[in-house]
Amino acid sequence: MLKKSTITFLSTFAIVALWSTSAFAQGTAAAADNVFTTYAWLGAAAAFGVGLAALGGSLGQGRAAAAALEGIARNPGAAGKLFTPLILGLALIESLVIYAFVISILMVLNIDITAAL
């Protein structure tokens, strides 16, 4: 019986090998002329980027809030000292998500629909 790591390696290798054959099957002129595919990948990358940023931001904010609440639970007198750094940290985490959103919007606005027609 195969180990789990061997199965994982072989399945990953098979996916990469099968994906690359479809990329090499097209000629260079056909691949360069396909504007719809380029714009589709650009839109997918923008959506994936925002989703990944939102996931990372929410995980970071959850951990920061949990740590602050744990600190307040252990020492209720430190609530005033923990509040300002917590809000500052949450704002900085949220700003990174907003930066990713702005970059994704710029990527989507870069799509030229008239060139595809």
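Reader: Which pattern does the protein chain follow along the sequence?
Author: This is a predicted model, in which local features need pLDDT of at least 70, side-chain atom pairs count only at pLDDT 80 or more, and totals for chains, interfaces and linings use all residues. Residues are numbered from 1 along each chain as its sequence is written, and side-chain values use heavy atoms, leaving out hydrogens and water. Helices (H or I, at least four residues) and strands (E, at least two) are DSSP runs, numbered from the N terminus. The protein chain has five helices and zero strands, and its pattern reads α-α-α-α-α.

Reader: Which element has the highest mean pLDDT?
Author: pLDDT is the predictor's confidence in each residue, from 0 to 100. The chain's mean is 82. Among the elements, helix 2 (residues 28-33) has the lowest mean, 55, and the highest, 90, belongs to helix 4.

Reader: How far does helix 4 reach from its first C-alpha to its last?
Author: Helix 4 spans residues 79-109, which is 31 residues.

Reader: Is Ile98 buried, exposed or partly exposed?
Author: Ile98 is found in helix 4. Buried means under 20% relative accessible area, exposed over 50%, and partly exposed in between (1.4 Å probe, protein chains only). Because its relative accessible area is 45%, Ile98 is partly exposed.

Reader: Which residues of helix 4 are buried?
Author: Of the 117 residues of the protein chain, 9% count as buried. In helix 4, the buried residues are Leu86, Val97, Ala100 and Ser104.

Notes. The expected span of a helix is 1.5 Å times one less than its number of residues.
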